[in-house]
Amino acid sequence: MKKIALITGATSGIGKACARRFATGGYDLILTARRADLLAQIKTELEAEGTKVLTLVFDVRDAEAAEAAIASLDGAWRHIDVLINNAGLALGLDKEYEGNPDDWNTMIDTNIKGLLTMTRLIVPAMVARNEGHVINVGSVAGDAAYACGNVYCATKAAVKAITDGLRIDVAETAVRVTNLKPGLVQTNFSNVRFHGDDARADSVYKGITPLTGDDIADVAFYAASAPKHVQIAEVLILATHQANGSVIHREG
Ligand code: NDP
Ligand code: 8X3
């Protein structure tokens, strides 16, 4: 029987790239996000290549909807080998004292509470089976705040603490826990951050070759494929001319 990976935020960017990488690597997939049409497209694409795909449409901020979605899984689909907590976003790039509280709430509810909701729903079965792997998508932004990153950076610092906490709490089991910390990855991330200002989003990647979703998916797959006694606890993945969240060398 094929292994199963559940990926949140699978309609775009890193999550979509993970879906493709884990499909190529022999997994069947449970793909989740809010946009049903995009999930359906990815399902069609991957099923044509021989991967079984189940899609679940819900918002990770809605704990009841998430619970109902996971409760709807039956048979072999309940046996989730890898949970990739990827759904997340940044909104705005403002000085903390000028930030938008609605944006703050959305980031906190999605990046922190949504990740916790999924962990709470899926990890107990992993612990009971004494196997499984949780891969959380943190960020270089969680290592240190950068200018105007304030609340987004805080959510990713929380992902680091929550991931470390889970690793401690499952240490007596064979469940593995990984924090992936990407730097600049060209996805829809900046378009969302700047509320659809695509020119401003493009400027984030000017003068530097950014990472791609595929680069991050390769690392996620590597972590999931490591021998059972190897736990890839944390990986910081930066573009070559990026040194941290603040130091980025741009040509031109
Ligand atoms: P994208 O905007 O391309 O993808 C974000 C994904 O998250 C989409 O599939 C979206 O699906 C999903 N999502 C957002 N909010 C929700 C929600 N409330 N409920 C369910 N799904 C949601 O960005 P990335 O691929 O870049 O981002 C993925 C993760 O990577 C995020 O956690 C981000 O913080 C992190 N990251 C990104 C970096 C980058 O530079 N791009 C660097 C470091 C970390 P839908 O809209 O269909 O619900
Ligand atoms: C996304 C990368 O540097 O824009 O987490 O915060 S960064």
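Predicted model: local features only at pLDDT ≥ 70, side-chain atom pairs only at ≥ 80, totals over all residues.
1. Helices (H or I, at least four residues) and strands (E, at least two) are DSSP runs, numbered from the N terminus.

2. Look at β4's neighbours next. Strand β1 (residues 4-8) runs parallel to β4, joined by 3 bridges, with Ala5 partnering Val82. Strand β5 (residues 133-137) also pairs with β4 in the parallel sense, over 4 bridges, and there Leu83 partners Val134. Pairing takes at least two DSSP bridges between the strands.

3. Which residues of β4 (residues 82-85) are buried on each side? Val82 and Ile84 are on one side, Leu83 and Asn85 on the other. Buried means under 20% relative accessible area (1.4 Å probe, protein chains only). In a regular strand, side chains alternate between the two faces of the sheet.

4. Now for ligand 2. Residues around it (a heavy atom within 4 Å) include Val140, Ala141, Gly183, Phe189 and Arg193. A side-chain N or O atom of Tyr152 is 2.6 Å from a ligand 2 oxygen. The protein covers 88% of the 240 Å² of accessible area that ligand 2 has on its own (Shrake-Rupley method, 1.4 Å probe).

5. Housekeeping: residues are numbered from 1 along each chain as its sequence is written, and chains are lettered from A and ligands numbered from 1 in the order written. Local features need pLDDT of at least 70, side-chain atom pairs count only at pLDDT 80 or more, totals for chains, interfaces and linings use all residues, and side-chain values use heavy atoms, leaving out hydrogens and water.

Notes:
Buried < 20%, exposed > 50% of the residue type's maximum accessible area, 1.4 Å probe, protein only. Polar contact = N/O pair within 3.5 Å; in protein donor to acceptor, adjacent residues only side chain to side chain.
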